[in-house]
Amino acid sequence: MKVLESKFANEFLNMAERCFSMGWHERNGGNMSYRIRPEEVAEVRGDFTDKNPWVEIGAAIPSMAGEFFMVTGSGKFFQNTKSQPEDATAIVEVDGAGENYRIVWGLVNGGRPTSELPSHLLNHAVKAAATGGKNRVIYHCHPVNVIALSYVLPLEDAVWSRELWDTMTECPIIFPAGVGVIEWMVPGGREIGVASSEKMKTYDVIIWAHHGMFVSGEDFDMAFGLAHTVDKAADILVKIISMGGRKRSISSDDFRRLAKDFGVTLNEDFLK
Ligand SMILES: [Zn+2]
């Protein structure tokens with residue numbers, strides 16, 4: 001089977017299109033990766049090349065050794081991903097040590113995988129360990145309201161988690177662990193990848209202050225749905241603040257009752 005005939009590649013490209021339509025991906029903003037299942041790799045392996053050189057990842061990630069990822073390309077536009085997939089995306093293989101990668105498909109006009117590749121791979125490793133291998137998507141975008149809030153709210157996990165939960169009743173059900181927040185850092189390097197992966201041990205959503213959002217999901221729908229929910233909550237919170245602030249709130253006990261009825265475990269640190 002050709003890569004572009006596969007279900008996973010089509011889901012990847014549809015997600016990119018959906019995310020662009022949300023206004024989260026100006027120019028070449030944002031990036032995405034999918035850890036391909038072994039059976040999916042087997043289906044498309046005949047479409048791969050082994051002619052490309054191995055390149056250092058910049059971090060050793062032994063638990064991702066031998067894995068294949070579909071990723072967006074550095075400098076490529078989400079806008080063009082679906083119409084020009086072989087130019088804008090790639091499949092990369094990680095070597096047996098988890099230290100190097102090579103392009104086995106895509107980026108036919110040259111280029112590199114997303115500059116956030118070290119962040120993606122480090123976070124795939126953390127999420128795979130934390131979810132027993134379930135989580136396969138890592139996604140980064142630039143949603144307006146989240147970025148705006150990062151100039152106003154204190155950059156603390158507790159403040160963001162409680163404020164976002166308290167915008168819309170379903171938020172604590174959709175991200176019961178809360179959200180992690182990282183102060184401004186230079187993007188694209190190992191440092192922001194390591195800081196994010198520390199937070200990813202606890203959360204599925206990381207706010208990169210003055211930059212955007214970094215999420216993990218089991219599949220494309222779950223990753224998109226999570227980013228969409230956080231963006232909507234941030235939109236509501238901007239409106240609440242703009243209208244002069246809260247006049248009432250959902251109480252800690254209300255959150256606990258909600259969690260009980262919906263069978264989720266809320267992060268108690270944020271219910272004080
Ligand atoms: Zn970014």
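Reader: What is the order of the strands in the open sheet of nine strands?

Author: The order is E2-E5-E4-E3-E1-E6-E9-E8-E7, and the pairing is mixed. Two strands count as paired if DSSP finds at least two bridges between them. Strand E2 (55–56) and E7 stand at the edges with a single partner strand each, so one side of each has no neighbour in the sheet. A general point about strands: in a regular one the side chains alternate between the two faces of the sheet.

Reader: What kind of model is this, and how are its residues numbered?

Author: This is a predicted model, in which local features need pLDDT of at least 70, side-chain atom pairs count only at pLDDT 80 or more, and totals for chains, interfaces and linings use all residues. Residues are numbered from 1 along each chain as its sequence is written.

Reader: How many helices and strands does the protein have?

Author: Helices (H or I, at least four residues) and strands (E, at least two) are DSSP runs, numbered from the N terminus. The protein has eleven helices and nine strands. Its radius of gyration is 19 Å, close to the 19 Å that the globule rule gives for 272 residues, so the protein is as compact as a globular protein of that length. That radius is taken over C-alpha atoms, and the rule is 2.2 Å times the number of residues to the power 0.38. Along the principal axes, the C-alpha atoms fill a box of roughly 60 × 35 × 30 Å.

Reader: Which domains does the assignment give?

Author: Domain bounds come from an automatic or database domain assignment. Here the assignment gives domain 1 (1–115) and domain 2 (133–272). Their C-alpha centres lie 26 Å apart. The contact takes 19 residues from domain 1 and 14 residues from domain 2, where two residues are in contact if their C-beta atoms, placed from the backbone, lie within 7 Å. On the side of domain 1 that touches domain 2, H1 and E1 each supply at least two residues.

Reader: What percentage of the 272 residues is buried?

Author: A residue is buried if 20 or more other C-beta atoms lie within 10 Å of its own, exposed if 12 or fewer, and partly exposed in between, with C-beta atoms placed from the backbone. Buried residues make up 44% of the 272 residues.

Reader: Which residues of helix H9 (residues 190–200) are buried?

Author: In H9 they are Ile192, Gly193, Ser196, Ser197, Lys199 and Met200. Seen down the axis of H9, these buried residues fall within an arc of 155 degrees, so they line one face of the helix. The arc is that of the directions from the helix axis to the C-beta atoms. Among the elements that cover them are helix H5 (117–130) and strand E7 (180–182).

Reader: Why is helix H7 (residues 157–165) described as largely enclosed?

Author: Seven of the nine residues of H7 are buried, so the rest of the structure largely encloses it. Those buried include Trp160, Leu164 and Trp165. The elements they pack against include helix H10 (220–242) and helix H11 (252–262).

Reader: Which strands pair with E9?

Author: Strand E6 (residues 137–141) pairs with E9 in the antiparallel sense over five bridges, and Phe214 in E9 is the bridge partner of His140. Four bridges join E8 to E9, also antiparallel, and Gly212 in E9 is the partner of Trp208. E8 and E9 form a hairpin with three residues between them, and His210 in the turn has a positive phi of about 60 degrees. E9 is mostly covered, with six of its six residues buried.

Reader: Is Arg27 buried or exposed, and what about Leu107?

Author: Arg27 is exposed, with 10 other C-beta atoms within 10 Å. Arg27 is in the loop between helix H1 (7–21) and strand E1 (31–35), and its phi is positive, about 40 degrees, although it is not a glycine. Leu107 is buried, with 21 other C-beta atoms within 10 Å. Leu107 is in the loop between strand E5 (100–106) and H5, and its phi is positive, about 45 degrees, although it is not a glycine.
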